Amino acid sequence: MKTKVCIIGGGPSGLLLSQLLHLKGIDNILLEKHSREYVLSRIRAGVLEHGFAALMREAQCGERMDKEGEIHHGFIISHDGKQDRVDLHMYSGGNSVIVYGQTELTRDLYDARSRMNGAVIHNAEDVQPHDLMSDKPYVTYRAGDEIVRIDCEYIIGADGFHGVSRKSIPKTVLREYEKVYPFGWLGVLSRTKPVSSELIYAKHERGFALCSLRSQVLSRYYIQVPLTDKVEEWTDAAFWDELKRRLSNEVASRLITGPSIEKSIAPLRSFVAEPMRYGNLFLAGDAAHIVPPTGARGLNSAASDIYYLYHAMVDHYLKGDDSGLENYSAKALARVWKAQRFSWWMTMMLHTFPDSLDYDKQLQRIDLAYLFSSEAAQRSLAENYVGLPF
Ligand code: APR
Ligand code: PHB
């Protein structure tokens, strides 16, 4: 097979780029290791920044997101017995975020790719990029007993943190930065009315908690847990009890509980790989960087990679201008690191750290006190949360 761009990975990053390139007439093939059903069974975060939403619309995939997604103009931080609201709309110059599950967004992207007869190959095993430094790179994969070769001009590594793309960059070239936090988030999805119409980020000495939602009948809640905890050890009743203890009495008394329909523990990690280009391989999304979920930056951090790559490919193929491709890594990383800083800061401010000094605890307190006493600080939070410009 032959194509211009071979995209490895059918998560939101790979699908969105595939769709955008297709609409500009740039031929591409997407290889996904798993089945569509498997990809769509993964529960992920659900906050979209306005720039990501704009890209979805440009990809002609924004209809259901605009109909079913909820626009949120602010969120609550619960701390020290207080409930303070961050007014995103006011402090970000009129922007906001859309609450719309990433699973639904991925479904919309798959549907669009099917509608347009996009080349999406599922269950592609042993995917391997080759000859990255040559102008004739290629990708091989296994379908049953057959090894299939795809000749292309560019390869996009959008295969997530555990994918093969980043690993094919030589260790002498790749530099990895990583910070692992000493806790995880235990998340529960339940078919219950959300306790609050806006998200509540709760700082509590027993540990962080988050009240989020997918719709007015589907809630998503999280609590900070030690990394040694096993999800099987957490009964639904124990989860609801612990969540209530970390919320204000007023919110806890309104919380509607129910059976969990999904329950999992995710570790928290900050990670960046540099550079994001090696020869004709370009990394995008989780393949190159991971943030802890506290600032809702995961998907949004991938959005700017896709935006830059999309425009770089369009400039290359339609205008003969290679500057976007040449600058991709530096440009993408500049924004990636800003999302890293923001996610790290939100994480440090709101969690309970096992070995923290009294001094550290005072700093956390003063960080929040300063935030809600300073318009400039709230402006900074708001502009980061709704998404810095691409
Ligand atoms: N070959 C082909 N596909 C692969 C391979 C491989 N060797 N390894 C992984 N994949 C696929 C995975 O099955 C997955 O569907 O690549 C896809 C990567 O998708 P994501 O992990 O969702 O990464 P990305 O598309 O960059 O999305 C970023 O998703 O993980 C969240 O928090 C993250 O919200 C962020 C967003
Ligand atoms: C979620 O709804 O899953 C969610 C929302 C906000 C976050 C993280 C996760 O910061």
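Which strand gives the most to the shell around ligand 2? Read on for a short tour of the two ligand sites.

## About the model

This is a predicted model, in which local features need pLDDT of at least 70 and side-chain atom pairs count only at pLDDT 80 or more, while totals for chains, interfaces and linings use all residues. Residues are numbered from 1 along each chain as its sequence is written, chains are lettered from A and ligands numbered from 1 in the order in which they are written, and side-chain values use heavy atoms, with hydrogens and water left out.

## The ligand 2 site

To answer the opening question, strand 15 gives the most to the shell around ligand 2, with 3 residues. Strand 15 (209-215) and strand 16 (218-225) each supply at least two residues there; strands (E, at least two residues) and helices (H or I, at least four) are DSSP runs, numbered from the N terminus. Around ligand 2 there are 14 residues, and Y201, S212, R214, Y222 and P293 come nearest. A residue counts as near if one of its heavy atoms lies within 4 Å of the molecule or strand.

On its own, ligand 2 has 280 Å² of accessible area, and the protein covers 99% of that. Such areas come from the Shrake-Rupley method with a 1.4 Å probe; for residues, only the protein chains shown count as cover.

## The ligand 1 site

Ligand 1 has 24 residues around it, with S13, E32, R42, R44 and D286 coming nearest. An oxygen atom of ligand 1 lies 2.7 Å from a polar side-chain atom of S13, and E32 also places a polar side-chain atom 2.7 Å from an oxygen atom of this ligand. The backbone takes part through P12, where a polar atom is 3.3 Å from a ligand 1 oxygen. Taken alone, ligand 1 exposes 700 Å², of which the protein buries 89%. Helix 1 (12-23) and helix 9 (298-319) are the elements that give two or more residues to this shell.

## A look at helix 9

Helix 9 is mostly covered, with 17 of its 22 residues buried, that is, under 20% relative accessible area (1.4 Å probe, protein chains only). Just after helix 9, G320 takes a positive phi of about 65°.

Key: A polar contact is a pair of N or O atoms within 3.5 Å; within protein, one must be able to donate a hydrogen and the other to accept it, and residues adjacent in sequence count only if both atoms are side-chain atoms. Buried means under 20% relative accessible area, exposed over 50%, partly exposed in between (1.4 Å probe, protein chains only).
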